[in-house]
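Please read the following points alongside the sequence and the model. They are meant for someone meeting this structure for the first time.

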Amino acid sequence: MSALSWSSVFFAVVRREVSLSMKQKGEVLTPLFFFVVVTSLFPLGIGPESALLLRMAPGVLWVSALLAAMLSLQRLFAVDYADGSLEQMALSPAPLVLLVLAKALSHFILSGLPLVLMAPILGLQFGLEGRALGILMLSLLLGTPTLSLIGGIGAALTLGVRGAGVLLSLLILPLYIPVLIFGAGAVEADAAGLGAGGHLSLLAALLVLSVFFAPLATTAALKISLE
Amino acid sequence: MLDVSQLKCVRGERPLFDGVGFRLESGKLLFLRGANGAGKTSLLRILCGLSPAESGQILWNGQPIAELGEAYRQDLFYLGHHNALQEALTVNENLSFYATLAGAVPSLAETSHALSQLGLRACQNRLVRHLSQGQKRRVALSRLLLTRAKLWVLDEPFVALDHAAIELLANLIAGHLSQGGLAVITSHQSVTIGTQTPQVLELRA
Amino acid sequence: MKTRLIHWFKFSSPQNFYVLAGRLQPIFTVLAVLLLAVGLWIAFFVAPTDAQQGEGYRIIFVHVPASQMSMFIYLIMAAWAGVGLVFNTRLSSMMASALAPTGALFALLSLVTGALWGKPMWGAWWVWDARLTSELILLFLYLGFLALQSSIDDPRRADKACAVLALVGVVNVPIIYFSVKWWNTLHQGASVSMTKSPSMAAPMLWGMLIMVVAFWMYTIAVALARVRNIILERERHTEWVKHAVE
């Protein structure tokens, strides 16, 4: 298969995922609503004191975004696995790694990007303003693709397994911790006047690492699940 | 040419079959028979490279399929029990996706022609979920008309088809064989395909 | 263990390894008990009372070796799982499965002893310092491994999936540790440090070393016992197991 057909396969998978989600809008919007609801829980649980909320904002927003991104992970491969499409994709002459990358990109577009766009609105609720919101968006923009890539590993490992949803969370959350630390840290560092550059660079580094290694692990896990 | 030797399959710590071997030349058909649970589907999946065999060797044109990788998958078409169709997409969308996946450029004219041969011309732009079981199976089989694969591995392809469709599929397979293709099929029904007598492999549990 | 398998391939068959493990296990059990006794005796009776921390510090004789063991076992478990995945050897995967619960136990022990040390010393049951937090995350990784294993019915698929998970975990552990350290220093976290053990006098170093070796003996003994059980369970359809169990 030529490189040209590889790219058409890649975009065909992305197009397919996006058009499927367009037809089932609920599945895309539900994690977004979850994001909104969960962030609202924190002030309700901790109290409306604005100074406290401002301090908590980066962590709360990041944790909620992380959980929302994780919600839609199970569907990444499960539907295709159930109806036999995943098998056909594995039997395609195109490398499975390519398809995994396409799936991860689709997941980012459908669940990560909406979170990035929603975050500033929620940030305002916590008293974040101007540049802090910008850093928040940038950190989420760099972090959510990594979450999609790492999440793919968990989704592939738990295909067709009992209790897959909760198990997936248990497997992935420890791996998400570095992204969380650097993501929330970026906003905090900026607020403390230390500059977000270091944190953002580390997020970018994690993204590059995930792009190279996560699809390999996901492909291995998919082949194991398809046996 | 497909050359299989000393194939052993283990499922859940229990050996399913052992010492399975056969040789399939161009233009030949292999009927895989056996009771339910004997391992027919497992054997087909091993042939496709989806499942690993415990031991044994599968050669395609003289080379192990594990080494061939992409080249083998290019020559292979597999249809299992699932139709592998996305219910929320239209028939056309499904077929053009699979055409792209196989490395071809999807052509509306070709898919139309293939669908009309199976009596599904009218269903082109309908969502798959609105089709009947038989129609869905025929859509899945219409991919056979669009593939350039040399080796067809079909698991119970005649299930859920009416007489006309069964005859159509049998002719399709016969046509493929006469052009030098190979086919491995499992079926509970006895169907005559073409004029030659097929090879038969019986799997005993 | 690894050298044995490389030189004597016949022990890579579960049946032969079962017999070997059965012969070795009592030796390691005895060693474990002896060394544990010596180590604890040094910890409680020989090591002098610390000027600053009084008697409570003695728990580091358990805490520090336990932390080290939890880390080492994870590495070894991942290595065995990786070998099982690449070479498709069943016994390697069984060894990984046998080690996992012990590793998790040491992680938990490390956390508990850390808390027991912390409370009288610093007044809190838990502090979010880099080492304890990383230990907690390591425990999560172990729990994930164990959960995945028990969720997948097919043993071979479970072995391979857990191998992928363990290898991904191994790659991530340094990243996680680095990020947690970063997080800790940035937030000027606990000014208390669990790593600040009192200056070590010679008998204390000996005691620590003996405890580490004792834990190693324990780990090997328990892993051998566990892997024997796993072998029996996995191979229960074969003739030799039916004879062995009679």
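1. The contact between chain A and chain B takes 23 residues from chain A and 23 residues from chain B, where two residues are in contact if their C-beta atoms, placed from the backbone, lie within 7 Å. This is a predicted model, in which local features need pLDDT of at least 70 and side-chain atom pairs count only at pLDDT 80 or more, while totals for chains, interfaces and linings use all residues. Residues are numbered from 1 along each chain as its sequence is written, and chains are lettered from A and ligands numbered from 1 in the order in which they are written.

2. On the side of chain A that touches chain B, helix H1 (3-23) and helix H5 (85-91) of chain A each supply at least two residues, and the largest share, 8 residues, comes from H1(A). Helices (H or I, at least four residues) and strands (E, at least two) are DSSP runs, numbered from the N terminus.

3. Chain C has 8 helices and 0 strands. Of its 246 residues, 43% count as buried, that is, with 20 or more other C-beta atoms within 10 Å of their own, the C-beta atoms being placed from the backbone. Among contacts in chain C between residues at least 6 apart in sequence, 78% join residues at least 24 apart.

4. Leaving aside residues up to four places away in sequence, Ala65(A) touches Phe35(A), Leu115(A), Ala119(A) and Leu140(A).

Notes. A residue is buried if 20 or more other C-beta atoms lie within 10 Å of its own, exposed if 12 or fewer, and partly exposed in between; C-beta atoms are placed from the backbone.
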